Amino acid sequence: MSTPNRPKHKHDLDFDYPDFLTWAQLPPFSGEWPARGWVFLADVVRNESFMRPMVRVRDTAGKEVLLAFYLDNGNPEAARLAQMGPGTMVAIKNCQAKQFMDGQIGIRLEDQDLANLKHLPCTVAKFKSMNNQVIRDVSEPKCERCGAADARKRCGPCKTRYCSPECQKADWRPSHKGVCQILATLRDYDEMFA
Ligand SMILES: [Zn+2]
Ligand SMILES: [Zn+2]
């Protein structure tokens, strides 16, 4: 009666999530669907906002680059982006390298690029370790709270499994609230790389 779970976790964390030097040489993503892309992951090192939101980010190979936002006046995201700080990370789909006026190579995002950006409340190390939780969830459909087998209820955004509304509610405040957005992002990327 249960349908077998299709393995969706085909993405390779090192290949599909390349570092700056690798993705800077990748061809532009065609935008055609279905198509594989890539996701650039980086920890926010410090906020350097001046006139516009800007942060220094560190990629998975340890290289630091500037991420600058060139947004239209009145973009409601600008104030929040100007507050990005250490302990958070960015994940940018199909990221392209740009050369700035001062000659440095970095990342320039404009209004329409924000759809490809996730700003997450965790480090890249945590993000990668949480991918294991997503993979485990596919192979073992257990309740995240109590471990009951064949858990059928799922969290809307991230699809984490629960046996009952009671378990889902009990899990929210102590733990799930802080990770739901991160897990939902990993699930988005699973679809992209499937
Ligand atoms: Zn349960
Ligand atoms: Zn969730």
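## Confidence

Residues 1–7 stay under 50 in pLDDT, the predictor's confidence in each residue, from 0 to 100. For residues 1–7 the model has two contacts beyond four places in sequence, a contact being two residues whose C-beta atoms, placed from the backbone, lie within 7 Å. Where pLDDT is low, the predicted coordinates should not be read in detail. The mean pLDDT of the chain is 87, and 87% of its residues reach 70 or more.

This is a predicted model, in which local features need pLDDT of at least 70 and side-chain atom pairs count only at pLDDT 80 or more, while totals for chains, interfaces and linings use all residues. Residues are numbered from 1 along each chain as its sequence is written, with chains lettered from A and ligands numbered from 1 in the order in which they are written.

Four of the five residues of strand β4 (residues 89–93) are buried, that is, with 20 or more other C-beta atoms within 10 Å of their own, C-beta atoms being placed from the backbone. Strands (E, at least two residues) and helices (H or I, at least four) are DSSP runs, numbered from the N terminus.

Strand β4 runs antiparallel to strand β1 (residues 39–47), with five bridges; strands pair if DSSP finds at least two bridges between them. Phe40 has Ile92 of β4 as its bridge partner. Four bridges join β4 to β7 (residues 117–120), also antiparallel, and Val90 stands opposite His119 in β7.

## Helix α5

The buried residues of α5 are Ile182, Leu183, Leu186 and Tyr189. They cover an arc of only 120° around the axis, which puts them on the same side of α5; the arc is that of the directions from the helix axis to the C-beta atoms.

How values were computed. Buried ≥ 20, exposed ≤ 12 C-beta atoms within 10 Å, placed from the backbone.
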